[in-house]
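These are my notebook entries on one protein structure. I set down what I looked up and what I found.

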Amino acid sequence: DAIEREGIRRAREAIAQADHILVMQDDREPVGDESGAHVGSFPAHNPRTWIRNKIDLTGAAPGKTETDGGPVLRLSLKTGAGVDALKLHLKECAGYRGGEEQVFIARRRHLEALDRGQVGIERGLDLLDVGQAELLAEELRIAQQALSEITGTFTNEDLLGRIFAGFCIGK
């Protein structure tokens, strides 16, 4: 029905924006059976990880293997076997490398959000330099929204609170 079609449209739109797709399948199903997952409709540019669940029912060994179609992780969510390998794989996909330096490689959408945030801040500084401080708030709001895509929710009230806490603003 119409509601189902809209849900599918929105899901496909979200998938197209994804940095990585996780496709979970029952390990009892034939390998490569993509009919239930609608994998054929996924954008080709999105990297995929195949997760084969319920190895407690098939007797398959937990762990990760590399295939032409992408990594395959076998696990059992019921017993927890192979879940640590999945967590490690997800950290690697997100760019986390661990170690003492805590290096994190930003994802494409994070870099784009940082660029938008920088543009908003630079425009705000330009407005401040020419005496148009009243327009500064809008540019800071734009920068804040871009950065919130990375960090999570950060409201306008939070932004104003930080500005007033850190600067002496008066007549």
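Entry 1: In which sense do β1 and β2 pair, and over how many bridges? I found that β1 and β2 pair in the parallel sense, over 6 bridges. I note that two strands count as paired if DSSP finds at least two bridges between them. I also note that strands (E, at least two residues) and helices (H or I, at least four) are DSSP runs, numbered from the N terminus. Within this pair, Ile21 has Arg48 in β2 as its bridge partner.

**Entry 2: the source.** I record that the model is predicted, that local features need pLDDT of at least 70, that side-chain atom pairs count only at pLDDT 80 or more, and that totals for chains, interfaces and linings use all residues. Residues are numbered from 1 along each chain as its sequence is written, and side-chain values use heavy atoms, with hydrogens and water left out.

**Entry 3: overview.** I counted 6 helices and 6 strands in the protein. From the N terminus on, the elements run α-β-β-α-β-β-α-β-β-α-α-α. I then looked up burial, where buried means under 20% relative accessible area, exposed means over 50%, and partly exposed lies in between (1.4 Å probe, protein chains only). Of the 171 residues, 26% count as buried. For contacts, I used heavy atoms within 4.5 Å. Among contacts between residues at least 6 apart in sequence, 40% join residues at least 24 apart.

**Entry 4: the sheet.** In what order do the 4 strands of the open sheet stand? The order is β1-β2-β4-β3, and the pairing is mixed. The edge strands are β1 (21-26) and β3, each of which pairs on one side only. On average, neighbouring strands of this sheet are turned by 25 degrees against each other, direction ignored. For such angles, axes are lines fitted to C-alpha atoms, for helices over the stretch in contact, and values run from 0 to 180 degrees between N-to-C directions.

**Entry 5: strand β4.** I looked up both partners of β4 (residues 70-74). Strand β2 (residues 48-53) pairs with β4 in the parallel sense over 3 bridges, and Ile51 stands opposite Leu73 there. Strand β3 (residues 63-67) runs antiparallel to β4, and 5 bridges join them. Two of the residue pairs are Thr67 with Gly70 and Glu66 with Pro71. β3 and β4 form a hairpin with 2 residues between them. Is β4 mostly covered or mostly open? I found β4 mostly covered, with 4 of its 5 residues buried.

**Entry 6: around Val72.** Leaving aside neighbours within four places in sequence, Val72 is in contact with Trp50, Arg52, Gly63, Lys64, Thr65 and Thr67. Val72 also belongs to the largest nonpolar core, together with Ile21, Val23, Phe42 and Trp50. Such a core is a set of buried Ala, Val, Leu, Ile, Met, Phe, Trp, Tyr and Cys residues joined through side-chain atoms within 4.5 Å.

**Entry 7: helix α4.** Helix α4 (residues 108-129) has 22 residues and reaches 32 Å from its first C-alpha to its last, close to the 32 Å expected at 1.5 Å a residue. The expected span is 1.5 Å times one less than the number of residues. Which residues of α4 are buried? They are His110, Ala113, Gly117, Gly120, Gly124 and Leu127. These residues lie on the same side of α4 because they cover an arc of only 110 degrees around the axis. The arc is that of the directions from the helix axis to the C-beta atoms. As a general point, an α-helix has 3.6 residues a turn, so residues three or four places apart point the same way. Gly131 follows α4, and its phi is positive, near 80 degrees.

**Entry 8: two loops.** Lys54 is found in the loop between β2 and α2 (55-58). Its phi is near 75 degrees, a positive value in a residue other than glycine. Most residues other than glycine have a negative phi. Lys54 counts as partly exposed because its relative accessibility is 32%. Ala18 is found in the loop between α1 (2-17) and β1. Not counting residues up to four places away in sequence, Ala18 touches Asn46 and Arg108. Ala18 and Arg108 are 90 residues apart in sequence and 9.9 Å apart in space, C-alpha to C-alpha.
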